[in-house]
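User: I am new to this protein and would like a quick tour. Please take my questions one at a time.

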Amino acid sequence: TSEGNEDKSSDPASSGYSNLGAVWTIYSVGRGFACGGENGNFTLYERTYDSDYFQCYKRFATPYAHRIIDITVSPNEESLLCCYSNNELVHFCLANVDIIDHEKPEEIAHAFKLLPVGFHNDIVTAFDVCIQKSILITASMDKHV
């Protein structure tokens, strides 16, 4: 194309997603990966078999407008957990991802459930899920696990 008539469809800034902020965490999930970032933005990508690229499958603005700093997934890939910059942990059921309308905030609010965790006095630096049992472990700068 000529310089004056460039195709804007391949420009990421024209897609409307340029204002979502930085990606802070990426986690591999079955057919693709999950990303978490600024202001509670959460995105799932899936592999496309007709090309070498991943496509955006679902994008959510979670009801908690804090930075997502870590993501982990249960071994059976049914549950995903997000850790926010304010040390809140949120559960998301991956089995429901197909039926949630990402443009309806009330559906998203019900999909992300806040977990009752609040014993760390400093930044949560890591967390993971046990392979054999439904146990979640967190580690923090306050030297507690």
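Analyst: A word on terms before we start: strands are DSSP runs of E with at least two residues, and they are numbered from the N terminus. The model is predicted. By that numbering, threonine 138 is found in strand 10.

User: How many helices and strands does the protein have?

Analyst: Read the chain from the N terminus, and the elements run β-β-β-β-β-β-β-α-β-β-β. That gives one helix and 10 strands.

User: What share of the residues of the protein count as buried?

Analyst: Buried means under 20% relative accessible area. The accessible surface of the protein comes to about 9400 Å², with 51% of that belonging to carbon and sulfur atoms. Of the 145 residues, the share that counts as buried is 33%.

User: In what order do the four strands of the open sheet stand?

Analyst: The pairing in this open sheet is antiparallel. Strand 1 and strand 4 stand at the edges, each with a single partner strand, so one side of each has no neighbour in the sheet. Neighbouring strands are turned by 20° against each other on average, direction ignored. The order is 1-2-3-4.

User: Which residue in strand 2 is the bridge partner of valine 29?

Analyst: Strand 1 covers residues 23-29. Its pairing with strand 2, residues 32-37, is antiparallel and runs over six bridges. In strand 2, the partner of valine 29 is glycine 32.

User: Which residue in strand 4 stands opposite arginine 47?

Analyst: Strand 3, residues 41-47, pairs with strand 4, residues 54-61, in the antiparallel sense over seven bridges. A hairpin of six residues joins the two strands. Opposite arginine 47 stands phenylalanine 54.

User: What is the phi of asparagine 39?

Analyst: Asparagine 39 sits in the loop between strand 2 and strand 3. Its relative accessible area is 47%, so asparagine 39 is partly exposed. Although asparagine 39 is not a glycine, its phi is positive, at about 55°.

User: And what is the phi of glutamate 77?

Analyst: Glutamate 77 belongs to the loop between strand 5, residues 68-73, and strand 6, residues 79-84. With 36% relative accessibility, glutamate 77 counts as partly exposed. Glutamate 77 is not a glycine, yet its phi is positive, at about 60°.

User: Is threonine 62 buried or exposed?

Analyst: Threonine 62 lies in the loop between strand 4 and strand 5. Leaving aside neighbours within four places in sequence, threonine 62 is in contact with Gly40, Phe42, Tyr84, Ile108 and Phe112. Its relative accessible area is 6%, so threonine 62 is buried.

User: Which residue has the backbone oxygen that the side chain of threonine 62 reaches?

Analyst: A polar contact needs a pair of N or O atoms within 3.5 Å. The side chain of threonine 62 reaches a backbone oxygen at 2.8 Å. That oxygen belongs to glycine 40.

User: How many disulfides does the count come to?

Analyst: A disulfide needs two cysteine sulfur atoms within 2.5 Å. On that rule, the count is zero disulfides.

User: How far away is the nearest cysteine sulfur to cysteine 82?

Analyst: Cysteine 82 is in no disulfide, and the nearest cysteine sulfur is that of cysteine 83. Cysteine 83 is likewise in no disulfide, with the sulfur of cysteine 82 nearest. Cysteine 82 counts as buried at 0% relative accessibility, and cysteine 83 is buried at 1%. The distance from cysteine 82 to that nearest sulfur is 8.9 Å.

User: Which residues is cysteine 130 in contact with, leaving aside its neighbours within four places in sequence?

Analyst: Cysteine 130 is in the loop between strand 9, residues 124-129, and strand 10. It is partly exposed, with a relative accessible area of 30%. Cysteine 130 and proline 75 are 55 residues apart in sequence, yet 8.0 Å apart in space, C-alpha to C-alpha. The contacts of cysteine 130 are Pro75 and Ile135.

User: How far apart in space are threonine 138 and alanine 126, C-alpha to C-alpha?

Analyst: Threonine 138 is part of strand 10, residues 136-140. At 6% relative accessible area, threonine 138 is buried. Threonine 138 and alanine 126 are 12 residues apart in sequence. In space, C-alpha to C-alpha, they are 5.8 Å apart.

Notes
Residues numbered from 1 in each chain as written. Predicted model: local features only at pLDDT ≥ 70, side-chain atom pairs only at ≥ 80, totals over all residues. Heavy atoms only, no water. Buried < 20%, exposed > 50% of the residue type's maximum accessible area, 1.4 Å probe, protein only. Areas by Shrake-Rupley, 256 points an atom, 1.4 Å probe, with all protein chains shown as cover. Pairing = 2+ DSSP bridges. Axes fitted to C-alpha atoms, helices over the stretch in contact; angles between N-to-C directions. Polar contact = N/O pair within 3.5 Å; in protein donor to acceptor, adjacent residues only side chain to side chain. Contact = heavy atoms within 4.5 Å.
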